[in-house]
Amino acid sequence: MAAALLGKIGYELTLKQREIVDRFKEHCPGYAIMRKLVLSFGSILRVGTRGTLHGWMERALKTGIPSFQRFVRTLKQDIGAVEAAVTERWRNGPVEGHINRLKTIKRQMYGRAGVELLRARLLPEPGLSEHQL
């Protein structure tokens, strides 16, 4: 439960959840630090810049919290992609949705049909508009 509440924005918390978060902050000073880092990282992903990302990474490393230090090391392994996620407006969500749909169809048909039926289900008929699919 503590981990789930780390990334929940204040106004999204119920009264009971708010009390729990306050108790965590009282009894575990590291919880307040982690909560602030998690919430600010989410904000950086939505509206951040390279500078805010790198500043966040420095703050996370300085906390001495092993899980955050490991997370930052992982981010640095592919920093170009992480920076692009922060600065570019393009996302791969729609593509991932199509891939998921195609994999679902493939799994449903596994062992039941040949390539022709699979092709018929995956590729739209010529002449059909997008709203007819």
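The model is a predicted one. With that in mind, I looked up the residue that comes after α4 and found G64, whose phi is positive, near 80°.

**Entry on helix α4**

I then checked the length of α4, which covers residues 50–62. At 1.5 Å a residue its 13 residues should span 18 Å, and I find the end C-alpha atoms 19 Å apart, which agrees. Which residues of α4 are buried? I list L53, W56, M57 and A60. Viewed down the helix axis, these buried residues fall within an arc of 100°, so I take them to line one face of α4. When I asked what covers the buried residues, the answer included α3, α5 and α6.

**Entry on W56 and the core**

Leaving aside neighbours within four places in sequence, I find W56 in contact with L37, S40, F41, I44, F68, F71, V72 and L75. I next looked up the largest nonpolar core, which has 20 residues, and in which L53, W56 and F68 have the most contacts. Each of α1 (2–6), α2 (15–27), α3, α4, α5 and α6 supplies at least two residues of this core, while the largest share, five residues, comes from α3.

**Entry on the aromatic pairs**

My search of the whole structure gave five aromatic pairs. I took up F41 and F71, whose ring centres lie 5.4 Å apart with their planes at 80°; because planes over 60 degrees apart count as edge-to-face, I record this pair as edge-to-face. The pair links distant parts of the chain, since F41 sits in helix α3 (residues 29–47) and F71 in helix α5 (residues 66–77), 30 residues apart.

**Entry on E83**

Last, I looked up E83, which lies in helix α6 (residues 79–87). With a relative accessibility of 16%, E83 counts as buried, because the cut-off is under 20%. Not counting residues up to four places away in sequence, I find that E83 touches R50, L53 and H54.

Notes. Residues numbered from 1 in each chain as written. Predicted model: local features only at pLDDT ≥ 70, side-chain atom pairs only at ≥ 80, totals over all residues. Heavy atoms only, no water. Helix = DSSP H or I, 4+ residues; strand = E, 2+ residues; numbered from the N terminus. Buried < 20%, exposed > 50% of the residue type's maximum accessible area, 1.4 Å probe, protein only. Contact = heavy atoms within 4.5 Å. Phe/Tyr/Trp six-rings, centres within 6.5 Å; stacked < 30°, edge-to-face > 60°. Expected span 1.5 Å × (residues − 1). Arc of directions from axis to C-beta. Core = buried A, V, L, I, M, F, W, Y, C linked by side-chain atoms within 4.5 Å.
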